[in-house]
Amino acid sequence: MIEEHLLYLVRPDFIRRTPLLMLLRYPFYIDGLAARLSRLQGNIDRDQSLQNQIDVYRERYSNCRDKRLLEAYLNKAISEGMIAFPCYIEEFAMSQFAQNKKTLMPVSAKILEQKLELLEA
């Protein structure tokens with residue numbers, strides 16, 4: 001669970017594919033993962049449930065991104081929302097796993113759903 005989250009954050013091409021705003025937040029995300037790890041004992045089911053919720057947004061975003069990347073290649077443009085959405089996912093993850101940490105912007109499942117619906121349209 002946590003290992004997969006960390007591998008997602010530092011995938012081989014993360015420097016090239018990660019927006020600057022999100023790169024600047026990496027220390028926050030790593031601190032959040034440490035907080036998540038410290039709370040994991042005895043809360044594995046809850047942690048897995050939260051991770052499953054986050055994975056749904058990552059998967060939907062990935063599918064949408066793949067579709068939009070082809071369009072962007074043809075049109076030479078990528079929407080700001082498409083670039084920013086991974087940051088929203090990570091901020092949401094931190095709001096779930098490290099509630100004592102302040103997120104960069106308001107995030108919730110409802111906000112993610114609204115933003116993702118716009119991207120998928």
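The entries cover the helix contacts first, then the rings.

I worked on a predicted model, where local features need pLDDT of at least 70, side-chain atom pairs count only at pLDDT 80 or more, and totals for chains, interfaces and linings use all residues. Residues are numbered from 1 along each chain as its sequence is written, and side-chain values use heavy atoms, with hydrogens and water left out.

Entry 1, α1 and α4. I looked up the axes (lines fitted to C-alpha atoms, over the stretch in contact for helices, with angles from 0 to 180 degrees between N-to-C directions). Helices here are DSSP runs of H or I, at least four residues, numbered from the N terminus. The axes of α1 and α4 (residues 26–40) come within 11 Å and cross at roughly 175°. The two helices are therefore roughly antiparallel (angles over 145 degrees). In contact (heavy atoms within 4.5 Å) are I2, H5, L6 and L9 of α1 with Y26, Y29, I30, L33, R36, L37 and L40 of α4.

The axes of α1 (residues 2–9) and α6 (residues 80–97) come within 13 Å and cross at roughly 150°. That makes α1 roughly antiparallel to α6. H5, Y8 and L9 of α1 meet E90, A93 and M94 of α6.

I found five aromatic pairs in the whole structure (ring centres of Phe, Tyr or Trp, its six-membered ring, within 6.5 Å). Y26 and Y29 pair edge-to-face, 5.9 Å centre to centre with 65° between the planes (edge-to-face is over 60 degrees). Both lie in α4, three residues apart, about one turn of the helix. Y26 counts as buried at 8% relative accessibility (buried is under 20% relative accessible area, 1.4 Å probe, protein chains only). Y29 is buried at 0%. Ring pairs link F14, Y26, F28 and Y29 into a cluster.

Methods:
Angles under 35 degrees count as roughly parallel, over 145 as roughly antiparallel, 65 to 115 as roughly perpendicular and the rest as oblique. Rings of Phe, Tyr and Trp (its six-membered ring) pair if their centres lie within 6.5 Å; planes under 30 degrees apart count as stacked, over 60 as edge-to-face and the rest as tilted. Buried means under 20% relative accessible area, exposed over 50%, partly exposed in between (1.4 Å probe, protein chains only).
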